[in-house]
Number of protein chains: 2
Amino acid sequence: MVPSLNLDVLQSFLVFADKLNFTHAAEELHISQPALHMKIQELSDAMGVTLYRKIGRRLELTEHGKRLARFSRDISHRKTVFLNELITGSDNEPVILAAGEGAYLYILGESIKEFLKRKKHPLSLLTLNREGILDAIQSGKAHIGVAPLESISPPGVESTPLLRVDQVLILPSSHPLATKKKLQLKDLDNCKLIVPPADRPHRQMLSAALQSAGVTWEIAVEVNGWELMLHFAKLGLGLAIVNSMCTIPRGLVARPLIGLPSVHYHLFNLAGACDRGAQAELKRMILKGVQ
Amino acid sequence: MVPSLNLDVLQSFLVFADKLNFTHAAEELHISQPALHMKIQELSDAMGVTLYRKIGRRLELTEHGKRLARFSRDISHRKTVFLNELITGSDNEPVILAAGEGAYLYILGESIKEFLKRKKHPLSLLTLNREGILDAIQSGKAHIGVAPLESISPPGVESTPLLRVDQVLILPSSHPLATKKKLQLKDLDNCKLIVPPADRPHRQMLSAALQSAGVTWEIAVEVNGWELMLHFAKLGLGLAIVNSMCTIPRGLVARPLIGLPSVHYHLFNLAGACDRGAQAELKRMILKGVQ
DNA sequence: GATACACTATAAGGAAGAACTATAATATGC
DNA sequence: GCATATTATAGTTCTTCCTTATAGTGTATC
């Protein structure tokens, strides 16, 4: 028999899938924890697949669970769009864009401005890190994501190249190294560097590259975000390595760094999910915005 | 408050919307008629719109009702596709194509063959008249429709020009008129014509054109379908006026007829509804098939 | 390693909702 | 105007789902 899949149940599963915690999800849904538990269990039974599993005391969605969550979000979204259109006569569900701070600051500004001017369609911005952006796209929480592409893009996610960004060394114009036009990694030997915290991808990329070039270096300060890195570079705390798209404050200069991999910014969206309407419009504008 | 819109209820509404008869729909759903009536009534209440109205003792959907039916079909279809994909790992819901007999015989054959060969995706064919085709598209019962475009296409339906087909007069090669290369409407004065029944668009178009050209004519036989019209023309019952795309049997000749409007075949689909997957594939192939 | 803690999972009673039967109301055709 | 087909409503029964209570389970803390 075909499972019933009530929208009500899908909605409950969606909240659970976001929280991965029956107790809290049940609170949000204003039902008791056993009630939610039973719903999910019956859903799982009806579909004949397990939706989550216990890892220690954490819960995590199985592949089937993730797909159901994506499906639920899609259906739930269509429902609200439909009801909106039915009453107001037009779709005014926001388009959701997920990107990092850097992308917003240096890549997306004009496109976003243009989109809001042309489409008069609500836009919701999520500021997330790379993993968060891909996760948001995969789970359907965001429609369009902009982030550097590392390795391959996950299955079901479509990626379009946006632009290549080189890494540059930022240093005070008075710094001895500033006299050279092009710098090698080994020029950084014994320098104090302003770097992101150890768990950030940019930091890991830097560590790996400097390590393999045999460069010894020191942490000047650990700080997250291009703007802050530039700020502390300006204060003379140390040298920073940032994307070449950043606007360089007065008193600092940027020098190309041979031997660091370029960053390839891509636009991500769920395959086939933004072919039309406001989402397609935003996608086109972002692509146009980088030529 | 947001209406709950259970899938279960949407499914019930869908059956009701197709039948427009509570008694029969309830039977199909294996519930009592009052149960179905109450469901629909509560659905209507929850949404705050009337979904149907009584015209005499017939029921008809309101505009809101039609939109809800379309939405329900869409959601219901997505659900079955999702469940299919979840278990079998692939989408094997058939693509539904609606067209007239003529279009299948003379326009779509190769494209359909090609589609089945390439995609290995199930295909379901509906043979309908013009109104039926547009209705099937609008209500979501079919994904792609091929039919002559008259007036403008209804709102929400996308149309793409496929090909222009002229009307030709079919007559035995021995017929006196066969000596002329091009014929005028007035050449048909006092001829016996093989025509479709009075309610068919082709017949209405013919009647109107002959009428306004002041031509008097006789009905040889009323018969529906190009193939049959040609068959009876071959038997010498009278002259037929058919689309130039028809293959002309031996012993008959086709002559262009000045003064009859061309038929403009278009491809129809619900706006934005066949951007991807097998539906998009079929659409591309049909468009390619006519160059 | 025993205890506290946070949470999942199960069981049994009770409240809400949905379906059924019966029947009134309404429109149509003969 | 009566028979027929169907929509619409009411009251009752039955199922479903929610709630409280509680057992089970994996982590952290002393």
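This tour moves from the DNA to a helix pair and then to a sheet in chain B.

The model is predicted, so local features need pLDDT of at least 70 and side-chain atom pairs pLDDT 80 or more, whereas totals for chains, interfaces and linings use all residues. Residues are numbered from 1 along each chain as its sequence is written, with chains lettered from A and ligands numbered from 1 in the order in which they are written.

Select DNA strand C, which 15 residues surround, the closest being A:Phe22, A:Pro34, B:Ser32, B:Ala35 and B:Gly56 (near: C-beta atom, placed from the backbone, within 6 Å). Helix 2 (22–29) and helix 3 (33–47) of chain A, together with helix 3 (33–47) of chain B, each give two or more residues to this surface (helices, H or I, of at least four residues and strands, E, of at least two are DSSP runs numbered from the N terminus).

Next, select residues 63–88, helix 4, in chains A and B, where the two axes come within 11 Å and cross at roughly 175 degrees (axes are lines fitted to C-alpha atoms, for helices over the stretch in contact, and angles run from 0 to 180 degrees between N-to-C directions). The two helices are therefore roughly antiparallel (angles over 145 degrees).

Finally, select the open sheet of chain B, whose five strands follow the order 4-3-5-13-6 with mixed pairing (strands pair if DSSP finds at least two bridges between them). Its edge strands are strand 4 (123–127) and strand 6 (157–165). Within it, strand 5 (144–148) and strand 13 (263–270) of chain B pair in the antiparallel sense over five bridges, and B:Val146 stands opposite B:Leu267.

Methods. Parallel < 35°, antiparallel > 145°, perpendicular 65-115°, else oblique.
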